[in-house]
Amino acid sequence: MNTEITPDIAPHLQTLMRKDIEHFADAVRARGADPSELHDRGMAGADGLVEAVGIVAGSSPV
C-alpha cells in the first residue's frame with residue numbers, strides 16, 4: 001500500500017474486490033457449499049481497504 005495502492009485508486013479496487021468476492025461466493029454456492037464465512041471475511045477486508053490505504057498514506061486519522 002501507499003506506492004502500488006494509492007488513496008486515489010483504492011475506492012476503485014475496493015469495488016473490484018467486492019465484485020470478485022460476490023462472484024466467488026456464487027461459484028461456491030453453485031458447488032453446493034455455504035460461502036457465508038468466506039464472504040463475510042472477504043467483505044470485511046474490502047470494506048476496510050480505503051481506510052487502511054489512507055492510514056498508510058497518512059491521509060486518514062488513525
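**Exercise 1. Where is Arg31 placed, and is Arg31 buried or exposed?**

Solution. Arg31 sits in the loop between H1 and H2, where helices (H or I, at least four residues) and strands (E, at least two) are DSSP runs numbered from the N terminus. The model is predicted: local features need pLDDT of at least 70, side-chain atom pairs count only at pLDDT 80 or more, and totals for chains, interfaces and linings use all residues. Residues are numbered from 1 along each chain as its sequence is written, and side-chain values use heavy atoms, with hydrogens and water left out.

Next, take the accessibility. Arg31 has a relative accessible area of 75% and is therefore exposed; the cut-offs are under 20% for buried, over 50% for exposed and partly exposed in between (1.4 Å probe, protein chains only). Finally, Arg31 lies 19 residues from His12 in sequence, and their C-alpha atoms are 29 Å apart in space.

**Exercise 2. Describe the course of helix H2.**

Solution. Begin with the length. H2 covers residues 36-57, which is 22 residues. From first C-alpha to last it reaches 32 Å, close to the 32 Å expected at 1.5 Å a residue; the expected span is 1.5 Å times one less than the number of residues.

Then look for a bend. H2 has a kink of about 45° centred on Leu49, the bend at a residue being the angle between axes fitted to the seven residues ending there and the seven starting there. Just after H2, Gly58 has a positive phi of about 80°.

**Exercise 3. Which residues of H2 are buried, and against what do they pack?**

Solution. List the residues: His39, Met43, Ala46, Leu49, Val53 and Gly54 are the buried residues of H2. An α-helix has 3.6 residues a turn, so residues three or four places apart point the same way. The buried residues of H2 pack against helix H1 (10-30).

His39 counts as buried because its relative accessibility is 18%. Gly54 counts as buried because its relative accessibility is 5%. The C-alpha atom of Gly54 is 9.5 Å from that of Asp8, 46 residues apart along the chain.

**Exercise 4. How do the axes of H1 and H2 cross, and which residues make the contact?**

Solution. First the geometry. The two axes come within 9 Å and cross at roughly 175°; axes are lines fitted to C-alpha atoms, for helices over the stretch in contact, and angles run from 0 to 180 degrees between N-to-C directions. H1 and H2 are therefore roughly antiparallel, the class for angles over 145 degrees.

The contact involves, among others, Met17 and Phe24 of H1 and Leu38 and Val50 of H2. By class, the contact has 13 nonpolar, four polar and three charged residues. Here Ala, Val, Leu, Ile, Met, Phe, Trp, Tyr, Cys and Pro count as nonpolar, Asp, Glu, Lys and Arg as charged, and the others, Gly among them, as polar.

Now the H1 side. Gln14 lies in H1 and is buried because its relative accessible area is 11%. Beyond four places in sequence, Gln14 contacts Ala46, Asp47, Leu49 and Val50. Ile21, also in H1, counts as buried because its relative accessibility is 16%. With residues up to four places away not counted, Ile21 touches His39, Gly42, Met43 and Ala46. The C-alpha atoms of Ile21 and Ala46, 25 residues apart along the chain, are separated by 8.9 Å.

Terms used. Contact = heavy atoms within 4.5 Å. Parallel < 35°, antiparallel > 145°, perpendicular 65-115°, else oblique.
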